[in-house]
Amino acid sequence: MLHKMLSKLDSTVSFDEVQAHCDIPCGIYDPITAQIAALTVVRMVDIIEEQEKMHPEKNLEYYNTVVRAITVKEEHAEKVKHEIRVIWGDFIKAAQIEKYPEIHGLVHEIMLLGSKSRQTIDREAALKLVEKVNRFAEIFWEVKGKQTKRAEAPYKPSLELVYPVL
């Protein structure tokens with residue numbers, strides 16, 4: 001009903017058209033959340049593998065730690081997917097797609113690797129997830145006009161992440 005009233009008013013008054021990139025045009029996007037989440041997936045896989053070595057008898061401590069690590073791994077793999085989808089859907093525009101034609105395929109790969117990381121205990125898939133999210137971060141910062149650098153994360157699993165040069 002409100003839409004009908006505003007449409008009728010618009011046809012009479014002719015409001016200027018306004019565009020926004022998201023529901024609340026905040027302008028705050030940063031792939032670091034996805035990068036840290038991807039790093040967390042790798043760390044949880046490492047913890048699970050460490051538990052296998054530490055507890056061959058599979059006692060309650062083993063099951064407690066493994067179940068918790070699996071839960072965190074799955075949550076963070078899903079967080080990667082969510083964060084990338086938001087930036088890709090709300091921030092990336094036609095001009096960036098033209099300049100970076102790989103972006104759709106890259107996002108699709110991240111979605112698939114995020115799913116695989118949820119479904120399995122596969123360190124190689126988790127490492128690929130980190131690398132694909134890093135590539136996404138490089139593109140993101142290039143779009144924002146910022147140079148990037150790679151630096152080792154200051155926490156386990158001590159993998160390289162892409163950071164903007166500020």
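**E50 and R43.** I started with this pair: the side chains of E50 and R43 meet in a salt bridge, 3.3 Å from N to O. By salt bridge I mean a side-chain nitrogen of Lys or Arg within 4 Å of a carboxyl oxygen of Asp or Glu. I then looked up accessibility, using under 20% relative accessible area for buried, over 50% for exposed and partly exposed in between (1.4 Å probe, protein chains only). E50 is partly exposed at 34%, while R43 is buried at 18%.

**Ground rules.** I am working on a predicted model, where local features need pLDDT of at least 70 and side-chain atom pairs count only at pLDDT 80 or more, though totals for chains, interfaces and linings use all residues. Residues are numbered from 1 along each chain as its sequence is written, and side-chain values use heavy atoms, with hydrogens and water left out.

**R135 and its partners.** Next I went to R135, whose side chain meets that of E138 in a salt bridge (3.3 Å, N to O). Why one helical turn between them? R135 and E138 sit 3 residues apart in helix α6 (residues 123-143), so about one turn separates them. My helices are DSSP runs of H or I, at least four residues, and strands are runs of E, at least two, numbered from the N terminus. R135 also forms a salt bridge with E142, with the closest N and O atoms 4.0 Å apart. For accessibility I noted R135 as partly exposed at 22%, E138 as buried at 16% and E142 as partly exposed at 38%.

Searching the whole structure gave me 14 salt bridges.

**S117.** What does S117 touch, leaving aside neighbours within four places in sequence? I found V41, K73, A77, A125, A126 and L129 in contact with S117, contact being heavy atoms within 4.5 Å. S117 lies in helix α5 (residues 103-119) and is buried, with a relative accessible area of 2%.

**α2 against α3.** Last, I checked how helix α2 (residues 32-54) packs on helix α3 (residues 60-91): the angle is about 160 degrees and the axes are 8 Å apart. Axes here are lines fitted to C-alpha atoms, for helices over the stretch in contact, and angles run from 0 to 180 degrees between N-to-C directions. That makes α2 roughly antiparallel to α3, a label for angles over 145 degrees, with under 35 roughly parallel, 65 to 115 roughly perpendicular and the rest oblique.
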